[in-house]
Amino acid sequence: MTTTVELADALIVGSGYGGAIPAFYLAAGGAKVVILERGPQLSANDFVHDMKLGSYTRYLDIVVGDGISVVAGNCVGGGSVVNFAAALRAPSFVFNRVGSQGVRQWPASISRSTLDPWYDLSELTLPVAKQTWNDVSYAGGVFAAACDHAGRTANPVPLAVDMSKCTNCGWQLNGCRFNAKRSMILNYLPAATALGAKIRPMHEVQSLAPATTSGYRYRVNYNVVNPDGTVASSSAIEAKVVVLAAGALGTPVILQRSAATLGTMPFAVGKFFSSNGDHLSSFVVNEDKVASYLGLHRDANTAYQASFIGKSVGTMSYDGLDPSKAEFLRYSLQQLYFAPLSNTLVKATAGAPGWFGVDKKAMRHDWKSWLTVLAMTEDDNEGGFGPPPPTGTYSRITAGLVQNSLQYRPTANTIRGWTAADTELATIMTRGGLATQVNDWTFDVLGTVTTHPLSSARMGDNANLSALDQYNELRGFPGIFVTDGSAVPTSLCVNPSLTIAALANRAVPGIILRARGAGASVRYTAQTPDGSTAEQATIMALPEVQRATA
Amino acid sequence: MGSFVHGGLSRRRAVQAGIIATGGAVGLGIVLPIADAATTTAPGTIAPAALDQATTLTLEAYADTVVPGEKRTPDDITIAGVAPGPSAVVAGALDVLQMPEVGLATSLPGLAMLLNGQAAGYAAQAGLALDPNLPPFVALPFPHRVALTVSLTTPGRPDHPYWVLLATLISWAFDTGGAQHTTEALSTGHAGLAWIGFPAPNADGIWRFPQFSYRRQLAKPSPRTTRSGSPA
């Protein structure tokens, strides 16, 4: 019996930063590209200003593991749609981390200076805007002023946001209905589809297997899923190269399941997961002290009362990113605003019950005076995945909540970093009576909470500690690449999206090299989605490109 | 957090099965209702049946423990009346728990029974005599409801997922008005959104804040800042 199967030069799994960027360059170079995305395809008007369960939960989930929970996007554009668009380069020391194993965690070929050209390209193409002090929210202003009064520095955070379109609505977690947030659905994905790439929403990849068609390397098995998660149909595509970018919670699960058909996976698949060291605190600021101590006034009657107003990320302090400090003790502190969805996790008191009960109820009455700060620290890559579920990458609990097999038990190293960040934050915020107590979010409900899952199929030079080589290719499986947060070897001490974008950009020449090796007619161009060639000469001279085009 | 779900079942069915399986594993001797396939529906299809009185009373008492508030009437038995302002009960906690999208409705009687079993055990250990005419959790004085809930929501217990799931949904009812569209919740005076002071939208039901910034430099930037604004 002869069966026909759909063929593509490049099959991309996922449409966030890690999927959209390679998809664009492969399409621009002439390859036949298909993108399979698990979630729905949405546009500005679909991003609701609404907290009704069943509305925003179409495309946003809290993924609950054992000891950890992750806030994740689930739609075309992936995390870029629901994130807060902070676009930061990782500090130089991050690339030299040795972790608790005492071994360099990053490939020797990647440092801040070798990645800087790829950061340049990513900033140009999103593009990234520097917030001015006129762009910074009231909450960002209070945090910056508090840092200043405590003798610290604070910076407005660069954002992938069009400042002229931003209405400072406070609903950034729900996606941007004003097309101000420069997510993948506004840059790389439309450019890729204009060049012929096909995006297939509601297509959930299950596993990879050897291809059966001559000249093609891998068969990608997928289910078409209904909005309620049930399976409508199943099929497969065969491709010369496969780019896995299903997110740090999706990619390792697909690889785990593929072991049955492809053979033993590298040891590091599904291991060494990092939470980016994310550690959140929320507290009430004293309105009188905002006026009298910080000298801030919104108007004649109001000092602050604006927790919910403005861009979700305003200001941050880099003071803790001190390269002279010991590993695990370096961190940034970033002011941000989370929707009331996360109010559950905020503690009114350090002791029990803390996150619920009478004191918490009273704290809720001051919600407009809340301030939330995210510490991004150096964790110990201590997370790992259990066996995959029968299909997909998680099981649904209820609207907005799904469960996966990830386990995370913070080590003493990670906890030391959190404690150092907590102590510094309390010093800044209690000075002058600005806050009476500063508590981190509870671990009782959802464990460690992160919006930045990383490292679950990471790059590296050591074959025992990394699943990918220095060019993002899966060890032992030529033509399979991982370009999402899974590939990032360690926590970054800043928001990861720009680093994921830079690494995905850097991986593209190698992916194209492999596609050509399987007979695909494709070449690398360093053009950008808007047609700019400003960085082209610089990029074409980089060693990653020279290797692939020689 | 432990496991909510077990493999080999459809996802929403698995939630029900997980509750049943772990309830048995805890060894409490409480039989939870097995959700019938015909009543375990996809989101937005069939409205759940009304809850029995004991389940309603028990879940109201748990909701008031998570977000406590004022009694509705002087003889209110589920709301303890220990905090000013609205309880999660009047902010729609049971509405959220019964939403088809939440998919938990058929498990609520079993969860209430499990909670009452825990309350009875707690009372016996503490030497408390409870009103036999009330579900045990409802009969607990408020400080004991809190103490038991602290114990139930401490990670490590096999039944921990149930109590934090219920508490999360109850909190979402209060903080987000999750059973209603937000514009509708605000226009009808949702008690939780009013308590936290959630702002009103513009006339078109969309939020925009033309005034959002102090518009002045409020700190010196880090000396380790590079050209695009990132740390060095």
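**View 1. Helix 4 of chain A on the sheet.** Helix 4 (residues 138-149) of chain A lies across strand 11 (313-317), strand 12 and strand 13 of chain A. The helix runs at about 15° to strand 11 of chain A. Helices (H or I, at least four residues) and strands (E, at least two) are DSSP runs, numbered from the N terminus. Axes are lines fitted to C-alpha atoms, for helices over the stretch in contact; angles run from 0 to 180 degrees between N-to-C directions. Contact means C-beta atoms, placed from the backbone, within 7 Å. The model is predicted: local features need pLDDT of at least 70, side-chain atom pairs pLDDT 80 or more, while totals for chains, interfaces and linings use all residues. Residues are numbered from 1 along each chain as its sequence is written, and chains are lettered from A in the order in which they are written.

**View 2. Helix 9 of chain A on the sheet.** Helix 9 (residues 412-430) of chain A touches strand 10 (278-284), strand 12, strand 13 and strand 17 of chain A. Its direction makes about 25° with that of strand 10 of chain A.

**View 3. The open sheet of chain A.** Six strands are ordered 5-11-12-13-10-17, with antiparallel pairing. Strands pair if DSSP finds at least two bridges between them. Strand 5 (155-156) and strand 17 (439-440) of chain A are at the edges, each with a single partner strand, so one side of each has no neighbour in the sheet. Five bridges join strand 12 (residues 332-336) to strand 13 (residues 370-376) of chain A. A:Leu336 has A:Thr372 as bridge partner.

**View 4. The contact of chains A and B.** Chain A brings 74 residues and chain B 73. Helix 4 of chain A gives the most to its side, with six residues.

Definitions and conventions. Two residues are in contact if their C-beta atoms, placed from the backbone, lie within 7 Å.
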